[in-house]
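Trainee: I would like to go through this model with you. Where shall we start?

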Amino acid sequence: HRTYMRECLSVDPNVLGKLKIPSLVEQGELLTVPNPRYLPEGDKVVGFITPVYKPLDYPLPTIEVDVGADAMMRYRVFARALLEGTVIPALKQFTPTLLVNPSMVTSSWTNPKVFRFVTPLYEARVGSRAQLLEKWAKDPVFLAGEYSRWVPKSQHAALKQMWPPTIQPK
């Protein structure tokens, strides 16, 4: 008998794809389909990538990953969830009357209203509910002006009275 294979090892391609070793696995860009999304139960933004095993230029199965803190998409998806009332349930009362559909945040980055809303989140690195609550503890008016631009003027007084929306009005 001739030996054809020795010391073989079975590798799960899903596990291989999650390795953070740049010389072995190239993570690639976030896929637009399926869209990245905010998971309230985990308080994180996740998306999908199709990694490549670099030594063989072999595409690995598409996997779900946490969107990194440096990715603008993280803050755009989080901003959309905030406008939809997913992050802070108290804001859900404003969602039906928003001046622009929250989906605009992830689809039209060039819109000035979107840019003004997402930029403070990105600059402060606020991409989760926990980070937002922490920011509001230090700066209670954080995002108040930006959010009010999405709400009809007739609701500005109610919004101002409840801001930040995690603290109950007196």
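Trainee: Which element gives the most to the lining of the second largest pocket?
Mentor: This is a predicted model. The pocket has a volume of about 180 Å³. Its lining includes Met73, Val77, Arg80, Ala81 and Glu84. E2 and H2 are the elements that give two or more residues. The most, 5 residues, comes from H2.

Trainee: How far apart are the end C-alpha atoms of helix H2?
Mentor: H2 covers residues 72-84, which makes 13 residues. At 1.5 Å a residue, the helix should span 18 Å. The model agrees, with its end C-alpha atoms apart by 19 Å.

Trainee: Which helices do the buried residues of H2 pack against?
Mentor: Buried means under 20% relative accessible area. Among the buried residues of H2 are Tyr75, Phe78 and Leu82. The buried residues pack against strands E2 and E3. The helices they pack against are H3, H4, H5 and H6.

Trainee: Is Ser103 buried, partly exposed or exposed?
Mentor: Ser103 sits in the loop between H2 and H3. Its relative accessible area is 25%. Buried needs under 20% and exposed needs over 50%. Therefore Ser103 is partly exposed.

Terms used:
Residues numbered from 1 in each chain as written. Predicted model: local features only at pLDDT ≥ 70, side-chain atom pairs only at ≥ 80, totals over all residues. Heavy atoms only, no water. Helix = DSSP H or I, 4+ residues; strand = E, 2+ residues; numbered from the N terminus. Expected span 1.5 Å × (residues − 1). Buried < 20%, exposed > 50% of the residue type's maximum accessible area, 1.4 Å probe, protein only. Contact = heavy atoms within 4.5 Å. 1 Å grid on protein atoms, 1.4 Å probe; cavity = no way out; pocket = protein on both sides within 12 Å on 5 of 7 lines; lining within 4 Å. Points joined across faces, edges and corners; volume = space filled by probe spheres on them.
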